[in-house]
Amino acid sequence: MAAGAVLTMSVIGAASMLAGPAHGQTASGRGPLSWFGDITGSIQQQQPSQAPRQVQPAPRRMAQNGTPKEWSGEDGASGHPLMTADAIRRSAANFDRCVAGMWPEAARRGVSQASFERFTQDLSPDLRIMDLMDSQPEFTKSVWDYLDILVTDARIARGREVLAKNAATFAAVEKAYGVDRYIVAAIWGIESNYGTQGGDRSVLNSTATLACIGRRQGYFKDEFLAALEILHHGDLTPQQMRGSWAGAFGATQFMPTAFKKFAVDFDHDGKRNTVDDVPDIIASTAAKFKKDGWAPGQTWGYEVEVPQGFNYLHADRAKNYTIAQWEHLGVRRAGGKPFPRGTDKAFLLAPAGADGPGFLMLGNFRSIMRYNPSEAYALAIGHFADRLRGGTPFVQAWPRQERVLSRDERLELQQLLAQRGFYRGEPDGNLGGETRKALRSFQASIGAPADGFASSGVLERLRGR
């Protein structure tokens with residue numbers, strides 16, 4: 001996570017808690033790549049000659065029990081027409097032609113024919129990615145479980161060591177970009193555990209697979225071409241560009257397009273290296289935050305106590321009130337601490353509903369969410385940064401007695417809300433904004449706190465028990 005990225009490629013990965021792909025990933029909206037498209041365009045360079053190769057799956061990954069992990073051969077759970085088993089097989093059979101068809105665009109981006117042939121000659125479709133792309137886990141993680149996994153004593157201790165060892169570099173980057181060193185260190189720690197966990201798939205092979213097979217080919221074509229540009233320019237080697245199944249790589253898990261846009265050669269060695277060059281890792285991550293609107297000298301948010309009887313319709317990302325206005329509504333900073341400034345604007349987040357802690361999120365929280373568009377991820381990053389700074393755990397308790405609903409239960413909840421006229425979307429088991437809005441309306445109709453939290457108790461009430 002990502003994510004972004006997906007897809008974030010942190011410890012939890014793209015499995016469940018992340019609302020979307022990491023680090024600026026968005027759906028492109030473009031359709032599947034046609035091999036014949038652009039071949040006769042304005043560019044006057046020859047298509048590289050490639051003898052047809054027998055299409056074989058990429059080298060098999062091993063499961064923990066030693067059994068090779070292969071594509072299931074089944075339709076994807078999304079139901080997308082490009083994710084049917086037959087469509088995947090047809091696209092895999094056309095993989096070589098698809099890759100060769102991207103040569104004109106690569107040439108337009110300055111990639112030489114020699115580089116294109118060198119870096120694409122051994123590519124083969126990794127169809128296991130199709131299962132990973134369309135997986136729908138039976139259970140998701142609760143926000144408190146997510147925090148427990150990501151913000152650990154061991155990771156905090158390691159983070160403080162990294163901060164102390166690289167204090168001069170963090171100070172120089174902080175001065176150059178105005179981005180809090182603890183946020184950068186938190187990203188580094190959660191994304192790759194300070195470079196020790198970053199994924200083992202070839203970024204070029206993964207993005208080539210996704211550019212030619214599956215439901216987001218337009219988006220991943222751009223990532224594949226960006227990866228080729230990075231390799232052609234010599235910033236990184238193919239061995240360094242290993243990462244997640246979706247193509248995120250390096251210490252802070254940039255996608256190739258994010259690397260192109262944000263990576264910095266901070267130590268002036270002639271290469272931008274976010275894999276194992278510490279000054280470049282720190283500065284590149286800070287550069288992204290600066291461009292994403294990080295406000296120097298401000299925090300990300302505050303843990304707050306929400307009063308009994310509070311109208312949770314105010315808990316909406318679109319409702320940005322001043323701290324003074326929140327105080328007028330009865331919201332207080334947890335632990336009795338005062339707020340530094342009453343004029344700061346924030347929105348209220350109640351990730352565990354009325355029975356858990358609340359948080360007032362400032363603009364910098366939105367900057368973290370531009371790194372990975374997940375509230376749980378951004379909360380973990382902000383909290384981890386505070387702990388690295390010497391802060392304490394959250395004051396209020398999480399409702400750990402609550403169990404997470406299974407996917408079947410989430411589908412049932414949406415269906416029951418629809419039957420009662422509160423939900424008008426297509427039930428999909430994903431509890432996004434429309435589902436939370438419907439939940440709030442139902443909760444208000446029965447006199448319960450309208451916090452939008454999908455608890456087992458709410459499901460029981462919908463069942464009429």
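Predicted model: local features only at pLDDT ≥ 70, side-chain atom pairs only at ≥ 80, totals over all residues.

Colleague: Which phi does Tyr-194 have, and where is the residue?

Modeller: Tyr-194 has a positive phi of about 60°, though it is not a glycine. You'll find Tyr-194 in the loop between helix H9 (181-192) and strand S3 (201-202). Its relative accessible area is 7%, and the cut-off is 20%, so Tyr-194 is buried.

Colleague: How do you know that Cys-98 and Cys-212 form a disulfide?

Modeller: The sulfur atoms have to be within 2.5 Å, and here the S to S distance is 2.1 Å, so Cys-98 and Cys-212 are joined by a disulfide. The structure holds 1 disulfide.

Colleague: Why is the disulfide of Cys-98 and Cys-212 called left-handed?

Modeller: Because the torsion about the S-S bond is about -90°.

Colleague: What does the pair tie together?

Modeller: Cys-98 lies in helix H2 (residues 95-100) and Cys-212 in helix H10 (residues 203-212), so the link ties together parts that are 114 residues apart in sequence. Both Cys-98 and Cys-212 are buried.

Colleague: What makes you say that both faces of strand S9 are covered?

Modeller: Side chains in a regular strand alternate between the two faces of the sheet. In S9 (residues 358-361), Gly-358 and Leu-360 are on one side, Phe-359 and Met-361 on the other, and all of them are buried.

Colleague: How do you know that S5 pairs with S9?

Modeller: Pairing takes at least two bridges. Strand S5 (residues 301-305) has 4 bridges to S9, so the two count as paired, and they run antiparallel. One of the links has Tyr-302 partnered with Leu-360 in S9.

Colleague: And how many bridges join S8 to S9?

Modeller: There are 3, so strand S8 (residues 345-349) passes the two-bridge mark as well, again antiparallel. Leu-349 has Phe-359 in S9 as a bridge partner.

Colleague: Which residues touch the most other members of the largest nonpolar core?

Modeller: Phe-224, Leu-228, Phe-365, Ile-368, Leu-379 and Trp-398, out of 99 residues in that core. Helix H16 (residues 375-388) gives the most to this core, with 9 residues. Another core, of 15 residues, lies apart from it, with Ile-323, Val-331, Phe-339 and Ala-346 among them.

Colleague: What does Trp-398 touch?

Modeller: Leaving out residues up to four places away in sequence, the contacts of Trp-398 include Trp-144, Pro-357, Phe-359 and Leu-379.

Colleague: What pLDDT does the protein average?

Modeller: The average is 86, with 85% of the residues scoring at least 70. Over residues 1-22, though, the pLDDT is below 50, and this stretch has 110 contacts in the model beyond near neighbours in sequence. Residues 24-68 also stay under 50, with 86 contacts beyond four places in sequence.

Colleague: And the protein as a whole?

Modeller: There are 19 helices and 9 strands, and 51% of the 465 residues count as buried.

Definitions and conventions. Residues numbered from 1 in each chain as written. Heavy atoms only, no water. Buried < 20%, exposed > 50% of the residue type's maximum accessible area, 1.4 Å probe, protein only. pLDDT = per-residue confidence, 0-100. Contact = heavy atoms within 4.5 Å. Core = buried A, V, L, I, M, F, W, Y, C linked by side-chain atoms within 4.5 Å.
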